[in-house]
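The sequence and structure follow.

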Amino acid sequence: MPLSVLDRAHLLAGGTETEALHRLLERARRAEALGHRRFWVAEHHGVPGIAGAAPAVLMAAVAARTERIRVGSGGIMLPNHRPLVVAEQAATLQALHPGRIDLGLGRSLGFTRAVREALGTGPGAAERFEADLARLLALLAGEAPVTARPRDRARTPVFVLATGAGVEIAARAGLAVVLGGPATTRHGERGAAAALERYRAGFRPSRWWQRPHVVLAADVAVAPTAGAARALALPQARAMAHSRTRGEFPPLAPVTEAELARLPARERDLVEEHLATAVTGTPAEVGRRLARLVEDTGADELMVTGGAADPEAQERSDRLLAELAGAPA
């Protein structure tokens, strides 16, 4: 099962944006050494705890510092950009690093009203995603009224981050899909299996993908003990709960169980909800859970998401997971 990494360039408490970006670059080099297939970066604007705001720039930096691993976006949020600009950025990266660039696209808007206004995205921007996606694909294929240069000629694989109606849009466009978050642990119509059944049933082959292709994304934390793995995942779970109750995602900081117990009940519940959607534990425990997820969804690839407040523990988790997946360390 091919294994990949999505790194959002999390800040650590007391650290700087520069340090976060350099940790991302170092993790990309480590992912390549561990034999991973892809290393992706994300797009977040105005978030105090995340330095990854410009995926095309970060992709260029990662690709320049690695040799073999595929480099991509997870994702570029298309409502924030003109399709021509995104096509030109992707094609330029592909020309500089042939056969190594992926283009993952999302339809999320800025987290706050101020960010959305700064980006110039109105309330209907997300609804234009499918039309903008069609324009972007035409530009990449060289079939648009304007010729995007460098000419990509549909060489860059395109993925859709499946939030909401994303699976149906990806299927109609004949693109790969990336599915993660709470849907991976749900059952029934709102679960991953049902969403992917709709995706495969509605898939139309395209110049980019001849058959359905599923990347399953999950927060993963591996450690010698289950308690250590939970401690590794707690800082991000705490930051996510903080953002949902106070409107701001902070830098990652270590969290003890005693500190967790002192949080307001609503925040504690959100922390536990987030941890329930993550895959944490010893190598054996994580291996069983990931195997079950792959069996339930029929995924073609796994992508590791999430962040840790302890860089050394994060590196150990990455190595343990690579060993579990059978990648050459």
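Is the crossing of α3 and α5 right-handed or left-handed? The crossing of α3 and α5 is right-handed (the near helix is turned clockwise from the far one by less than a right angle).

## Basis

This is a predicted model, in which local features need pLDDT of at least 70 and side-chain atom pairs pLDDT 80 or more, while totals for chains, interfaces and linings use all residues. Residues are numbered from 1 along each chain, and side-chain values use heavy atoms, without hydrogens and water.

## Helices α3 and α5

Helix α3 spans residues 83-96 and helix α5 residues 129-141; they pack at about 40°, with axes 9 Å apart.

On the α3 side, P83, L84, V86 and A87 meet D132, R135, L136, L139 and L140 of α5 (heavy atoms within 4.5 Å). By class, this contact has seven nonpolar, no polar and two charged residues (Asp, Glu, Lys and Arg count as charged; Ala, Val, Leu, Ile, Met, Phe, Trp, Tyr, Cys and Pro as nonpolar; the others as polar).

## Aromatic pairs

There are three aromatic pairs (ring centres within 6.5 Å, with the six-membered ring used for Trp). F159 and W209 form an edge-to-face pair, 5.4 Å centre to centre with 70° between the planes (edge-to-face means over 60 degrees). F159 lies in strand β6 and W209 in the loop between α7 and β8, 50 residues apart.

F159 is buried at 0% relative accessibility (buried means under 20%, with a 1.4 Å probe), and W209 is buried at 14%. Y199 and F203 are also edge-to-face, with centres 5.8 Å apart and planes at 75°; both are buried. W40, F159 and W209 form one aromatic cluster.

How values were computed: Axes are lines fitted to C-alpha atoms, for helices over the stretch in contact, and angles run from 0 to 180 degrees between N-to-C directions. Helices (H or I, at least four residues) and strands (E, at least two) are DSSP runs, numbered from the N terminus. Rings of Phe, Tyr and Trp (its six-membered ring) pair if their centres lie within 6.5 Å; planes under 30 degrees apart count as stacked, over 60 as edge-to-face and the rest as tilted. Buried means under 20% relative accessible area, exposed over 50%, partly exposed in between (1.4 Å probe, protein chains only).
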